[in-house]
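Please open the model in your viewer and keep the sequence panel beside it. The tour below moves from one selection to the next and says what is found at each stop.

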Amino acid sequence: MLVPLPVQEAFDYAVPDGMDLSRGDQVDVPLGPRFLRGIVSDVFETTGSNRKLKSIERKASDPSLPLGTVDFVEWAARWTLNPPGEMASRALRGLRAPRPKPERRVRRIGMRQPQRATTARTAVLEALQDRSMTAADLARAATVSTGVVKGLVDEGVLEVFEVEAVAAFDRPRPDHAPAVLNPDQAASAKAMAGAAITGGFAPFLLDGITGSGKTETYLEAAAELLAAKPDAQVLILLPEIALTQALIERITRRFGSAPAEWHSGVTPPRRRQVWEAVRAGRCNIVVGARSALFLPYPDLAMIVVDEEHDGSYKQEEGLVYHGRDLAVARGRIEGATVVLASATPSLETLWNAQQGRYRWLKLRTRHGVAVLPDIALVDLRQNPPDPQTWLSQTLREEIGANLAKGEQSLLFLNRRGYAPVVLCRACGHRLTSPDTDSWLVEHRYSGRLVCHLTGFSMPKPKACPACGTEDTLVSVGPGVERVEEEVRQLFPEARTAVFSSDTVPDAEAARAMITAMAEGEIDILVATQAAAKGHNFPRLTLVGVVDADLGLRGGDLRAAERTYQLLAQATGRAGRADKPGRAFLQTWTPEHPVLEALAANEREAFVAAEMAERELGSLPPYGRLTALILSSENAQALEKTARELAAAIPNAERLEVYGPADAPLALVRGRRRKRLLVRADRDVNMQAFLRAWLGRIKIPASVRLTVDVDPYSFL
Ligand SMILES: Nc1ncnc2c1ncn2[C@@H]1O[C@H](COP(=O)(O)OP(=O)(O)OP(=O)(O)O)[C@@H](O)[C@H]1O
Ligand SMILES: [Zn+2]
């Protein structure tokens, strides 16, 4: 039995006589004074008189989980070392949400006629006929006010009744609005669709430059699959909620019906509807965030992981897992086709493609007349911005010229807020978060200083908290808000906007901003990575990267890879339609290999150099890593646990453990943090090693241990 508790084992319960159970069934089981919802993982006969087992209370009326879903959560738990019951409870999330409120609709009572037939009333009855609708829909259909509908209800011509709101997911129509694919696209779509129709695990890398039509291609593959197998289910994962609206609209246009949407921004009642529809096979296409992997698909035939390289697929809080890796695992378990799509695939995925584990499909050109933008490096040593400004002469002139032509520009800076650091001119004190090792970032829109790590915020103080002098706090460095300020001063007549998670907090706001951009209502968009990936802005022809060195300074395992990906994505927004695009990267180190590779559009050379470095250190994808993070409010308990953990390391070959050491972020929300890092060759069974190790020691309640298999953050 898998029950949602932080333990590694499954629980045993006795099956009452006459209860017919099988793997995947939902049951309620007693645990102490409570009942918990469990998933049956195994049913077996015991012999002999073992200890007395408690009995299952009842079999739930909720639908069972499909076997593939149970296999998947168990596999995911073993791989990530998360408790299986907690993984399983992920798969029940939508079911725990409340049902939507019943819908109130109106319908006619027999053939009763109104006493006085006005034009408005006749229009209502004509619009309604013998159907039922909500009063609001009916009024809209008849173009009258809802008062007219209400009048007819009061008179007894119409009646109000309640129906359970069932989400109807219309079947996608594969022949609704097919795209005409170019030869590369068509060959790729055919390969993916063919594999999905045949069935069996088939992983693909869909490797196409930005704007080459990867989305177009996998949607055609999905269409071909659904034409051959109308009951098949397709899951499309996106790294950011901000990208979902555009894709949903595209799918709706392509298939004549909207897909289901699944992410944290979807209301709980809606999530319940989606869960039930997916389980019942009433829904064929799901667009979602990584958590959509846990839905109970009975017939999953294709999983697309769009922008597969994106670090947002890694869930860092709570249950730590990598959505892309779990997508591949789910595909293997379901015997499905998995499509990893990207213009800048991760080194892990490229490695798998090179090894022949993934079939490698390539789209080499942009669709139609569009071409990749020309990328130029702006050497800030030759061409420095004026003091307290951030745009070089070159970039200013380019933006001005673009504006004069009536074309759109995007300025990319991956930093939210106004200024990343606030310091005191009098004593040099830098303002930090009170309980966390991080600088406070100034936000002018909200007038607050914000810790980006924990969300802590406070008003900007008048006096320095260290020396008490007034009016000495200065903002150092730029964030997007500050670049926007500069743009407004330089080009007061331009329509300027900021796109970051502060100005675009949810899917609705993203849709509004993307529409404004697509319709040409914005001239200059200053954006963080929230706008730099995946979007399709047809009128955008100039991209300026304000600080191309930013991501290279961190120096963790993937700093170069991530910077390459992010800047290739950002510059790839330019020139996607008929007009050619240009991109300018401002840098103090134009000789950096990452920037040289970007400017020369030489991804292969960059990848080869980066792979060679990883191979030297036996680092991913040539080796495997796992991080162990210990944290506690109690410094002594933390020290002691770290020492015990270090003393309990099992012997193992081709595997090393580094640490414990203070984490770079040594204090978060008042908790001290220590890290250990395990590196192993690829053929070492990392999970078995970790289980043996962690089985040797007991972690006290005051210390939290997080196991991060394949870490992306090293803080
Ligand atoms: N075969 C086609 N017919 C018509 N339009 C196409 C075709 N292929 C691509 N396009 C258009 O080209 C543009 C880019 O395509 P798409 O968004 O699918 O590219 P992508 O490779 O997914 O992009 P990115 O990696 O940058 O997110 C879109 O406007 C799309 O409609
Ligand atoms: Zn001071």
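How do the residues of the shell around ligand 1 divide into nonpolar, polar and charged? Select that shell to begin: four of its residues are nonpolar, twelve polar and three charged, where Ala, Val, Leu, Ile, Met, Phe, Trp, Tyr, Cys and Pro count as nonpolar, Asp, Glu, Lys and Arg as charged, and the others, Gly among them, as polar.

Before going further, note that this is a predicted model, in which local features need pLDDT of at least 70 and side-chain atom pairs count only at pLDDT 80 or more, while totals for chains, interfaces and linings use all residues. Residues are numbered from 1 along each chain as its sequence is written, and chains are lettered from A and ligands numbered from 1 in the order in which they are written.

Staying with ligand 1, pick out Thr-210, Gly-213, Lys-214, Thr-215 and His-367, which come nearest among the 19 residues around it (a residue is near a molecule if its C-beta atom, placed from the backbone, lies within 6 Å of it). Helix H8, residues 214–228, gives the most to this shell, with three residues; helices here are DSSP runs of H or I with at least four residues, strands are runs of E with at least two, and both are numbered from the N terminus. Colouring by domain, with bounds from an automatic or database domain assignment, shows that domain 3 (183–363) and domain 4 (374–415 + 478–611) each supply at least three residues to the shell.

Next select Cys-424, Cys-427, Cys-464 and Cys-467, where UniProt, in an unreviewed entry, places the feature "binding site"; such annotations may be inferred rather than shown by experiment. Although they are spread over 44 residues of sequence, they cluster in space, with a largest C-alpha distance of 8.6 Å. Cys-424 lies in strand S17 (residues 421–424) and is partly exposed because 19 other C-beta atoms lie within 10 Å, whereas Cys-464 counts as buried because it has 21 such neighbours inside 10 Å (buried means 20 or more, exposed 12 or fewer, and partly exposed in between, with C-beta atoms placed from the backbone).

Cys-451 is found in the loop between strand S19 (448–450) and strand S20 (457–459).

Finish at helix H17, residues 559–571, where twelve of the 13 residues are buried.

Methods:
Expected span 1.5 Å × (residues − 1).
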